Amino acid sequence: MASYAIGDVQGCFDELGELLGRIGFDAARDRLWFVGDLVNRGPKSLQVLRFVRSLGERAIVVLGNHDLHLVTQHEGFERKRKDDTFDDVLEAPDAKELVAWLRTRPMMHVEGRYAMVHAGLLPQWTIHDALSLGKEVERSLAAPDYRGFLANLYGSKPERWDEALAGWDRLRVIVNAMTRMRFCTPEGAMEFHSSGVNPPPGYFRWYETRTGAEPAIVFGHWSALGLKLTERIAALDSGCVWGGALSALRLEDRWLAQVPCRGYQPVEE
C-alpha cells in the first residue's frame, strides 16, 4: 500500500488520470491525499468530483478556497467570477449530492509523519491546536444551519488570530489561514493582497514562522511558489491549470511523479 499526496487539481481531470497512470495507482490498495482545490479554473470539475468521491475512503481531501467558492455559489451566497469554470457541477443532476460531499470534507488531515492543509497554519498553532480548530469549522459546515456560516464566511477581517475570538470572526480566521494564507507575521497577522513568492515588508512566508519539531506539512494553494520539498514542508501546487505540472508525492519515501499540463488559464504577467 502506498499513499500519494497530489497537488491542486482544479478541474484538470485528464491530467489527473495521466498522473494516476504514471504512479500505477491501485484503488484497492493505495490511497490519495488531495491538498484541496479539486475544482475550478480547469475544464472538468464535475468529472474530478465524481471520480474522487467514488474512491470513498481511498481518497482524503482537505478543503481549499476554490472548493468553498463552489459550495457558497451553489448555496447562493457568492457571485460568479469571470474565470469560474464549474458550471458543469452547478448544472449537474447530482450537484446537490456532490456539493454536500465536498462541504463535509475536513479542513486538515494529520497522519504519521505528515499534516496536510490547503494553504497554511498560523505560527501560534501547534499541529494539535490546528487540528482542533479545523474541526470547529468542520462542525459548522456539517451542521443543519450550515448556511448561516456560509453567509458569514467571506472577508479578510480579523486579519490575525486571537484565542478570545468567537462566533463568525473566529471561524473566518481559521478558514482564511487554512485556505487562503501565504504570508503572515511572527505574531500571526495575515496578508492577503500578495500572491507572488516574496513577502511584503514585515511579513514572512507562513512556513518560515513555524518553529520546533512537528510533522512535515503538505500543502498546495501557491502556484507561484511551485513545487518545494524540504524536511519540514511539501508544497505541491505546481501550477497545473496554468500550464505547469500536476504532482504526486509518495509519502512513504518521497518519490515524486509529475505530468505536464496543457494550461487552461493564461499566466498573468
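## Terms and model

Helices (H or I, at least four residues) and strands (E, at least two) are DSSP runs, numbered from the N terminus. Two strands pair if DSSP finds at least two bridges between them.

This is a predicted model, in which local features need pLDDT of at least 70 and side-chain atom pairs count only at pLDDT 80 or more, while totals for chains, interfaces and linings use all residues. Residues are numbered from 1 along each chain as its sequence is written, and side-chain values use heavy atoms, with hydrogens and water left out.

Strand E12 spans residues 245-250, and five of its six residues are buried (buried means under 20% relative accessible area, exposed over 50%, partly exposed in between, with a 1.4 Å probe and protein chains only). E12 runs antiparallel to strand E1 (residues 3-6), and three bridges join the two. Across this pairing, Ala248 of E12 stands opposite Ile6.

E12 also pairs with strand E13 (residues 255-260), in the antiparallel sense and over six bridges. Here Leu246 faces Val259 of E13 as its opposite residue. Four residues lie between the strands of the E12 and E13 hairpin, where Arg254 takes a positive phi near 65°.

E1 and E2 pair in the parallel sense, over four bridges, and Ile6 stands opposite Phe34 in E2.

E2 pairs in the parallel sense with strand E3 (residues 59-61) over three bridges, and Ile60 in E3 is the bridge partner of Trp33. The crossover from E2 to E3 goes through helix H2 (residues 45-54) and is right-handed.

## Cysteines

A search of the whole structure finds one disulfide (a pair of cysteine sulfur atoms within 2.5 Å). It joins Cys240 to Cys261, with an S to S distance of 2.3 Å. The torsion about the S-S bond of Cys240 and Cys261 is about -100°, so this disulfide is left-handed. Cys240 lies in the loop between strand E11 (233-235) and E12, and Cys261 in the segment after E13, so the pair ties together parts that are 21 residues apart in sequence. Cys240 is buried at 1% relative accessibility, and Cys261 is buried at 9%.

Cys12 is in no disulfide; the nearest cysteine sulfur, that of Cys240, is 3.6 Å away. Cys12 is buried, with a relative accessible area of 0%.

## Salt bridges

The structure holds 18 salt bridges (a side-chain nitrogen of Lys or Arg within 4 Å of a carboxyl oxygen of Asp or Glu). One of them is between Arg170 and Glu136, at 2.8 Å from N to O. Arg170 lies in helix H8 (residues 167-179) and Glu136 in helix H6 (residues 127-142), so the pair ties together parts that are 34 residues apart in sequence. Arg170 and Glu136 are both buried.

Arg170 also meets Glu163 in a salt bridge (3.2 Å, N to O). Arg170 has 12% relative accessibility, whereas Glu163 is exposed at 53%. Elsewhere, salt bridges that share partners join Glu15, Glu18 and Arg262 into one network.

Key. A crossover is right-handed if, with the strands pointing away from the viewer, the path from the first strand over the helix to the second runs clockwise.
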